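Dear colleague,

I am passing on to you the structure we discussed, with the sequence alongside. Below it you will find a summary of what was found.

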Amino acid sequence: MQINKFFLGGALILAAVVYLIFSSTQASAEYFMTVDEVKAEGTAAIGKSLRLSGAVLGDSIQYDPETLTLTFDVAHVSGNNAEIEAQGGLALVLYQAVNDPSRQRVTVIYVGPKPDLLRGEAQAIMTGKLGEDGIFYADELLLKCPTKYEQAVPEQASSN
Amino acid sequence: MFAEFGYGILVVAFLVALYSVVAAIYGATNKSASLVESARRAMLLTFPLISIAAASLIYLLVNDHYEVSFVYEVTSRSMPTYLKITAWWGGQAGSLVFWSFLLSAFASAVTLRKWERDIEFLPWVIVVCSVTLIFFLGLVIFYENPFTRFWLVGGNVEPHMFAPLNATLFTAQDGQGLNPLLRHPGMVIHPPMLYLGFVSYVIPYAFAMAALITGRTDDRWIRLTRRWSLWAWLFLSFGLVLGGRWAYDVLGWGGYWGWDPVEIAAFMPWLTGTAFLHSVMIQEKRGLLKHWNMILVILTYSLVIFGTFLTRSGVLSSVHAFANSPIGPLFMGFVSLSLIVSIALVIWRWPDLQSETEMKSMLSREALFLLNNLLFMSILVVCFWGVIFPLASELFTGQKITVGPPFYERATAPLFSALLFLMAVAPLSAWGHSTVQTLGRAMWKSAVAASIVTVILFFTYTSKIGALIGFFLVTLILFVTFQEFWRGARARQKVQGENFFTALSRLMGRNRRRYGGYIIHISMALMAIGILGIEIFQTSTQGLLAQGEELEIAGYTVKYRELASWDDAGKGVNFTRATVDIYENGIYLGELNPRIDYYFDSQQNMTIPGNRSTFRDDLYILLVDWQPVSNMGATFKIYVNPLVNWLWIGSLLFLVGIIFAAWPDHDPAEEPVRNVRRVGQSSAAD
């Protein structure tokens, strides 16, 4: 009797937590995609919550301070960390992505303050939706600059 | 010279720690007190050794030894000395040395205590601490060596510890410098605070394992480590709060917590640690939940290592993460192994950990504490799910799916609300047995008062239902807790004939943990006010202003006056500082100076908000952009964050509460043991 009471209570809490987790997961799931995957999905990707990663093209960065509208292009990079490592590290992969005109590219629009870390060859991780015009409208923008975090060997020229 | 020396000392420390493990195990199994003593001395020796190695590293950092790759990565000539010192934990290799340093310090401190009554624990505490130390030192020595230097080999620069054949040492002109975002006082102390908390939890875990191995599975291990877990909790909490404050001051997104995987990694051991803090009281008072406490301390230890792993492996995309590195799998291996061994020990001792009594009433203090534990574990499960979901979904479906902050907010909000409600109810319930009637009688005044406050807020402040529920719970906690202070002091006043304040201070002094806990509950309520304020009522606006133009937000008028830009060559920074005048309903309040600092060496901006903070709200202004040529227009993003100050005020009170509870007054181990037959005693008597 005593035990039943506690088990019933525990089961109720468990059920509530499971419900909370699943309903919240469904409501806020974002699909991790690379530029290539978005292009491959075509119109199927429109309107889905996406988390897109890509290499920022420095020349494409435009900022309109009047409307706080930030526009830039990203080029395809692999979404897999191990693959990036195998290709020679994040810095190299980003460098190659930016300098390879055959890579698929997507234009991104983000409204808000211009992030401090935004520059060419940064890795942008953007949350948002793909519009029908093929432009990615980002609500959130995370940036990683490999040179800031990753081990690098100094330029030899600096020794002279 | 210093590089080889420091590395050599680390290797010696590694070997000494290995010896202490072997000697402790052999000494314990063969009942050789002298071998255990030898293991203890070896353990003690690791601290001076690692300190010397750390001092060598600091020497290299401070003196611009750019032939050392770690020094090159985290410092530059333009950095002030104190930042060069703190760059010790600014990169991966150094922070692993820092971890080892703290662990050897704590393990030494604990082995120095008087052991007479608990001598059988000693060898196993040494084993657990030393094995953990060996793991971290091993990572440093074999994988992430901060003493690695650059060598010129056949025209290429390569990092190696020792000179390769035909190589000459290569010294870079200047280092890369610490990321400017990390050059902030909050960031200087945030990582060490977190690490202090992380490492402190190794000690309760070590005692728990010692208790399981020796079979002394009473609550002696809990009493011995009560203070350690309190201090661990203090440092971890302080570290989390500092991280939030740093984000608010430096990251310039008007927030303090982003549900970033690495934040969650530090938050998860805090959740189990908080649950542990509560559930050990049930074991001490009632002899219940012994298995559960073991599992909680094991989980906390595993999450501490897992948290260090998450921040250090690059396995998850996060602003905090360092680069990918080979140490990830090793961390996973170590966590899995220690988890398996610990759980196996618990299963082995399962029959010895039986409860001494039974939980009867659903509303008894112990049942509510159990509920509190379940809620903390539920939040942990939510967090863990969120963190591993991208990895798991990729594994099972091939599609990497991630969940963002909305997931955590949605899933945890009801759980946090339930915790707030418990915080209001549990202090009034009695050990052993409570009923709805006894609880209702103790609570009705506070409930009525909180309802009145909520109704007033409904007519004057907000009609949002979520906010009203939150404010009701917060005021309920405040009224109940203050009533508890009042009741206790009045009761003592009557018995002792003291005046009210003497009675209150003596009452609190005699029951530090209880009243420290109440102070912490009050601080949690205040922090909840701040979180409700910024989460529900934050408003923002933005715009390009010419000189003299204004923006309006929430009763404030922000008027752009001027902009100045200058270089500080010594610091290697360009400052661009705007001056804006603030008015509220036409009354001049003062000026604010949002600015952007540009660091030449790392070519990076840092956006420093101008913030005017009051009890009612924060006016938080960011300089977003400006026209350099005409020096006329500047773009601002302005947030009004209502009540957020209460988050920081609550945090300070929180520290006061923990320090009050943890302050050493007498040896808690000397307290009389619990009498399990005292069932149904009044709640004020414990």
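I begin with a helix pair in chain B. Residues B:M443, B:S446, B:A447, B:A449, B:A450, B:V453, B:T454, B:L457 and B:F458 of α15(B) meet B:L468, B:F471, B:F472, B:T475, B:L476, B:F479, B:V480 and B:Q483 of α16(B). Contact here requires the C-beta atoms of two residues, placed from the backbone, to lie within 7 Å. The residues of this contact divide into 13 nonpolar, four polar and no charged. In this classification Ala, Val, Leu, Ile, Met, Phe, Trp, Tyr, Cys and Pro are nonpolar, Asp, Glu, Lys and Arg are charged, and the others, Gly among them, are polar. Helix α15 of chain B covers residues 436–460 and helix α16 of chain B residues 465–496; they pack at an angle of about 145 degrees, with their axes 8 Å apart. Axes are lines fitted to C-alpha atoms, for helices over the stretch in contact, and angles run from 0 to 180 degrees between N-to-C directions. The crossing of α15(B) and α16(B) is right-handed, a crossing being left-handed if the near helix is turned anticlockwise from the far one by less than a right angle, and right-handed if clockwise.

Please note that this is a predicted model, in which local features need pLDDT of at least 70 and side-chain atom pairs count only at pLDDT 80 or more, while totals for chains, interfaces and linings use all residues. Residues are numbered from 1 along each chain as its sequence is written, and chains are lettered from A and ligands numbered from 1 in the order in which they are written.

Chain A has five helices and seven strands, these being DSSP runs numbered from the N terminus (helices H or I, at least four residues; strands E, at least two). Along the sequence, chain A follows the pattern α-β-α-β-β-β-α-α-β-β-β-α. Of the 160 residues in chain A, 36% are buried; a residue is buried if 20 or more other C-beta atoms lie within 10 Å of its own, with C-beta atoms placed from the backbone, exposed if 12 or fewer do, and partly exposed in between.

Turning to the interface, 40 residues of chain A are in contact with 52 residues of chain B. The elements of chain A that give two or more residues to this side are α1 (2–28), β1 (29–34), α3 (81–86), β6 (123–130) and α5 (146–149). Of these, α1(A) gives the most, with 12 residues. The residues of this side of chain A divide into 19 nonpolar, 12 polar and nine charged. The two chains also share strand pairing: β1(A) and strand β4 (residues 401–403) of chain B pair in the antiparallel sense over three bridges. Strands pair if DSSP finds at least two bridges between them. The bridge partner of A:A29 in β4(B) is B:V403.

Chain B also holds an open sheet of four strands in the order β5-β14-β13-β12, with antiparallel pairing. Strands β5 (539–546) and β12 (610–613) of chain B stand at the edges with a single partner strand each, so one side of each is left without a neighbour in the sheet. The twist averages 15 degrees from one strand to the next. β12(B) and β13(B) form a hairpin with three residues between them, and the two pair over four bridges. In β13(B), B:Y620 stands opposite B:N611 and B:D618 stands opposite B:S613.

With kind regards
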